[in-house]
Amino acid sequence: MATTDNEVKELIKREYEHGFVTEIESDTFEPGLNEDVIARLSAIKKEPEWMLEWRLKAYRRWLEMEEPDWAHVGYPKVDYNSISYYSAPKRKEDMPQSLDEVDPELLKTYEKLGIPLHEREKLAGVAVDAVFDSVSVATTFKEPLAKAGVVFCSISEAVHDYPELVKKYLGTVVPQGDNFFAALNSAVFSDGTFVYIPKGVRCPMELSTYFRINAANTGQFERTLIIAEEGSYVSYLEGCTAPMRDENQLHAAVVELVALDDAQIKYSTVQNWYPGDEEGKGGIYNFVTKRGACIGKNSKISWTQVETGSAVTWKYPSCVLRGENSVGEFYSVALTHNFQQADTGTKMIHLGKNTRSTIISKGISAGKSSNAYRGLVKFGPGAEGARNFTQCDSLLIGDRCGAHTFPYIESKNKSAIVEHEATTSKVSDEQMFLCRQRGIDPEQAVSMIVNGFCKEVFKELPMEFAVEAGKLLEVSLEGSVG
Amino acid sequence: MLSIKNLHASVEGKEILKGINLEIKAGEVHAIMGPNGSGKSTLSQVLAGNDAFEVTEGEVTLNGENLLELETEERARDGIFLAFQYPVEIPGVSNLQFLRTAVNAMRKHKGEAEMNAAEFMKLAKEVSKQVDLDPAFLKRGVNEGFSGGEKKRNEIMQALMLQPKLAILDETDSGLDIDALKVVSDGVNALRSDDRAILMVTHYQRLLNHIVPDYVHVLAGGRIIKSGGRELALELEEKGYGWLGIKDDDASN
């Protein structure tokens, strides 16, 4: 129906709400990457010798690697020498001790994003380690966490204050040479989050980091390391959004999770980076390596992600299930519109006995976008009695978008069981007509139908994030079908 | 209330409605009968604003307002309700959420405050009992895994919740056993009031034993070829559509 198509176009023609630039004076490196740049970066951060050596080793490794091109995405090659590898808000000698001391411009930025820190603290009881550009500028709720023995700080602080833990675990889940982007990140990571939950401790609150890319041409290389000791539990929330830009911005983060015996880590992401304009110009390249290692028996790692942003997404949060009876979960909603491209999924590597994994992936494509699920389920020889359940559902909005599913299964153990289900559907004209006939706006109807489609994933998100995710889909789809 | 003058409509270039004239006043119940392919469902869809159909000629007004200029959702907010012949499923969207979104859209249009969750729940539970649906169904997805009869009862429940000015029932009796027909009819009868009109579209007259119409119209070949009172339906039942010189390709049912 012609009208339907027009409505789809109307709906998808929505400007990025969070497109604005905060004016904060930045202390930024000249573009370019070499060993001197890495040494300067390390010096600014007053890092110990071993850290610099680690970075340089990764850099040398990276120089020998090639950018991967197997994903179902296409983008102009990145010139890594045109990127600036460090940017920090000024007055870093004088870091704010409370929100009152935080740059009002920054606070306003959060306001525009609908994340007022004050309110969030009071209402939700969430500790926020806000990463603005590359340096953490506001950290809250440290005290109650400290009482529980939980460490929640920037990775730069951890390098100084907990060097033994960092040395022990950094790069053990995602080795430096794992892939091109992980090697780059290992060489130049600017900052990120470090979490340590001691033995038997249930983290008293959900830990949350909001970060955004801000200064122009500054690649953002976050590094996150979360360690859950025996019998501990932590839920970590990550949310991102970025200002409107014409240049493509590169983001190559690495997240490593380590769960020891009987430990549980729940990692939730709502990602809303600038996807480019309706011609596909600009937008973030999101090349992220996220991996969790269930090294202890009965441990569990859950990834839940809601991905609506970025021009190009290349991301496979994975679980290495080494400990006996360990569990890996992946719940994902990936929405693409205009010219967005996403190649995302997970890897579940079953090594231990009776390990189990669940994959629920919901892909939504609108406009001329391309949305691919790529997942690997692998059973090693020792994965006796292991099992996986995979469900991949795609929802198409309009008739110019694409959805693809690339499941890979490798089994070296005959007792392993794999189940795979996949569906593709459309937001139908009949569904839209029913909603509109009941007085519901077309935009609200699309959003409601899409939210219904994503329900199984949303119920895995912590409450306040679920609400946010619903809103995000609504904004991202404003106007999407007839 | 509703005035239809010389309405022509087509789908994919094929003319289905070829000049419908009909006046419906508040408080009246009209039945439109006709064989399959006569244009009954098209008329319902056109009134509700399904843009798969193109109106090529004629006019339709609701309380003096030109209905054809309005979008589907605007017509709905002005009080047009269509109970679908084949209600679709919306997986993952609970009936409760769907109903609440719809009711609040109507209230917003009227400048009324939205209903809070507790108030709404109470009302929805009462109405669900009225159409013999277990309140547990409110938590299920819209029509998701519902039987044919449950879907039809759900349509009537929606009408009772939304309190429209004009309720159009498209083959609401199809696929219902006698008990379900009774429940649905009781629901429709509960809708009858002096300030509301009901337009029933049906192939068979059995529904009219339960919901007694004030007027009966026979639609054939895209036109109303005969109008009368309740007795016209009975006469049709006795003599069949052939009596009016109409071929009914669905006579075997």
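Predicted model: local features only at pLDDT ≥ 70, side-chain atom pairs only at ≥ 80, totals over all residues.
The interface was examined first in terms of its extent. Chain B contributes 32 residues to the contact, and chain A contributes 21 residues. Between them the two chains bury about 2,200 Å², and carbon and sulfur atoms account for 61% of this area.

Between chain B and chain A, 10 residue pairs are in polar contact, with both residues at pLDDT 80 or more. The elements of chain B that each give two or more residues to the side touching chain A are the helices α1 (40-48), α2 (72-77), α3 (95-109) and α5 (148-162), together with the strands β6 (80-83) and β7 (90-94). Of these elements, α3(B) provides the largest share, 6 residues. By residue class, the side of chain B that touches chain A comprises 18 nonpolar, 8 polar and 6 charged residues. Salt bridges across the interface of chain B and chain A number 4. In one salt bridge, the side chain of B:Arg77 meets that of A:Asp441, with an N to O distance of 2.8 Å.

Helix α1(B), which is among the elements on the side of chain B that touches chain A, was then considered residue by residue. This helix is mostly covered, as 8 of its 9 residues are buried. The buried residues of α1(B) are B:Lys40, B:Thr42, B:Leu43, B:Ser44, B:Gln45, B:Val46, B:Leu47 and B:Ala48. After α1(B) comes B:Gly49, which has a positive phi, near 95°.

Over all chains, the count of disulfides is 0. For A:Cys153, the closest cysteine sulfur belongs to A:Cys203 and lies 13 Å from its own sulfur, which is too far for a bond because a disulfide requires the two sulfur atoms to be within 2.5 Å. A:Cys392 is likewise in no disulfide, and the nearest cysteine sulfur, that of A:Cys454, is 14 Å away. A:Cys153 is buried, with a relative accessible area of 4%. A:Cys392 is also buried, and its relative accessible area is 2%.

Notes. Residues numbered from 1 in each chain as written. Chains lettered and ligands numbered in written order. Heavy atoms only, no water. Contact = heavy atoms within 4.5 Å. Buried area = accessible area lost by both parts, 1.4 Å probe. Polar contact = N/O pair within 3.5 Å; in protein donor to acceptor, adjacent residues only side chain to side chain. Helix = DSSP H or I, 4+ residues; strand = E, 2+ residues; numbered from the N terminus. Nonpolar A, V, L, I, M, F, W, Y, C, P; charged D, E, K, R; others polar. Buried < 20%, exposed > 50% of the residue type's maximum accessible area, 1.4 Å probe, protein only.
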